[in-house]
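Welcome! Here is a short tour of one protein chain, taken a few places at a time. Please keep the picture in view as you read.

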Amino acid sequence: FQSSNKRGTMRTIIKAIFSFTAISLLSLSAFYETSAAREIEIQEAVGLARMYSGEEKKAKDEALRDAMKKAIEQGVGAVLNSETEVENFQVVSDRILKKSKGSIQSYRILREGAVDNGINYEVVISAVVDDDLLNQSMESFRIMQQLTGRKTVMVIYNPTVQGELPLNPENGNDFQLIKEGLTVLSKAFLKRKFEVIDTEASLAMIKDTEAMSEDNEGEFNEVVSEMANKYGAQYYVTFTVMASNKEGEKRSVAKSIINAKLFNVGSARLINQVSGKGRKKYKKSTSGMDVFENMMIAINQASKQVRDKLVNSLIERLYEYAEDGAPLMLRVETGKQKRQTPFLRILKKMKGVTGTDTKSSSRNEMFIHVYYKGTDIDEFFMDLEDIFYKDRRFKGLELLKAQAGDVFVLTMADEED
């Protein structure tokens, strides 16, 4: 028998061994859970490629690539959280998938061969997708999603272009037809999580824009841009409605053509221009509302043809900003020309800045586009101020910030002033 001290020592050693073993097992378990969490198993992904005579190997390779692409799409689907994310992903999927090629850790061909009577070659695989690599390739997409929630759009009717049946907002029925187009377009942006200037506010502005119906389109856009800026919108859509009604002996046809343009408020740059057509055949009735009711359907059809193209073009633009940096427009009042070069160097070295473009400069100021890959503008200016005040070259100066529309005005002023 061992002494009580020795027995106590042995118990302590045994407890330590059990504790170490338990901790090791828990750690190992956690390791496997973490590792598993980084992988997405795709049970089946189907790839297809057109097969031409004598080119079976080429078709097989293309079908395999297509299957891998489908596997990555399924992996992306596992990390998307909402219907809106899925819709937005479809718009920019090709760009994301190019970045995601290396995210397939392994794959196994389940079956392959000619299908559709030899027209196509099919490859079916199972695959393991690296979740970490997939998330890295989705980084710009997530930034874009944040940007959509911070951007405001205004939709406004343009009365400067009319069809055979001119629409007068002062007329109740005409007003309802215009409202139909405005509502369809506004809801499309809302569905994709953009902020939209209240439809009623836009409708109220229609009466203001009616006064400009004899102005040219350039002047109209200038006024609307000012309105959009006043209401806090970063983008605006103008649309025209060309309505016509062709009467026949048995049936008549209500037709509408909608032309819509999407602009950036700050730069007044045209982002996209799309058009849609709608038509509705109808028999005359005794209600007296034939033209109105069927024109409403025609305008609804034309608006639906336009809406997704407009929204998708803005999604694509924001994805470009997420990848390369959104342009911040700065007017920097330096007071002295010698301050301009060191200030530009500060901007280029800032976190999140992917590049700068000096649009114009004079002895006292410069107008710059700063491409910023981030979503928090306040954070950008806080970082800029910290660097500015630490730089000895700007000792004794204050950096004052103001904003005029989408342009940020930075003024270097003597502290004693």
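In which loop does D116 lie? D116 lies in the loop between β2 (104-115) and β3 (120-130).

## About the model

This is a predicted model, in which local features need pLDDT of at least 70, side-chain atom pairs count only at pLDDT 80 or more, and totals for chains, interfaces and linings use all residues. Residues are numbered from 1 along each chain as its sequence is written, and side-chain values use heavy atoms, with hydrogens and water left out.

The chain has 11 helices and 13 strands. Both are DSSP runs numbered from the N terminus: helices are H or I with at least four residues, and strands are E with at least two. Of the 417 residues, 42% count as buried. Buried means under 20% relative accessible area, exposed means over 50%, and partly exposed is in between (1.4 Å probe, protein chains only). Among contacts between residues at least 6 apart in sequence, 69% join residues at least 24 apart; a contact means heavy atoms within 4.5 Å.

## The loop between β2 and β3

Let us return to the opening loop. Most residues other than glycine have a negative phi. D116 is not a glycine, yet has a positive phi of about 55°. N117 is also in the loop between β2 and β3, and has a positive phi of about 60° although it is not a glycine. D116 is partly exposed, with a relative accessible area of 42%, whereas N117 is exposed, at 83%.

## Two packed helices

Two packed helices are described by the angle between their axes and the distance between the axes. Helix α6 (residues 172-191) packs against helix α9 (residues 290-324) at an angle of about 25°, and their axes are 8 Å apart. That makes α6 roughly parallel to α9. Axes here are lines fitted to C-alpha atoms, for helices over the stretch in contact, with angles running from 0 to 180 degrees between N-to-C directions; angles under 35 degrees count as roughly parallel.

Residues making the contact include L177, V184 and F189 of α6, and M295, I299 and L310 of α9. By class, the contact has 13 nonpolar, 5 polar and 3 charged residues. Ala, Val, Leu, Ile, Met, Phe, Trp, Tyr, Cys and Pro count as nonpolar, Asp, Glu, Lys and Arg as charged, and the others, Gly among them, as polar.

## The nonpolar cores

A nonpolar core is a set of buried Ala, Val, Leu, Ile, Met, Phe, Trp, Tyr and Cys residues joined through side-chain atoms within 4.5 Å. The largest has 71 residues, and those with the most contacts inside it are F141, F189, V237, F239, L310 and L314. Helix α9 gives the most to this core, with 15 residues. Another core, of 23 residues, lies apart from it, with V353, F381, F394 and M412 among them.

S244 lies in strand β6 (residues 235-246) and counts as buried, at 16% relative accessibility. Leaving out residues up to four places away in sequence, S244 touches E164, L165, V253, A254, K255 and M295. The C-alpha atoms of S244 and P166 are separated by 8.5 Å, though these residues are 78 apart along the chain.

T334 is found in the loop between β9 (326-333) and α10 (340-349). T334 is buried too, at 0% relative accessibility. Beyond its neighbours within four places in sequence, T334 has contacts that include R363, E365 and M412.

Notes. Angles under 35 degrees count as roughly parallel, over 145 as roughly antiparallel, 65 to 115 as roughly perpendicular and the rest as oblique.
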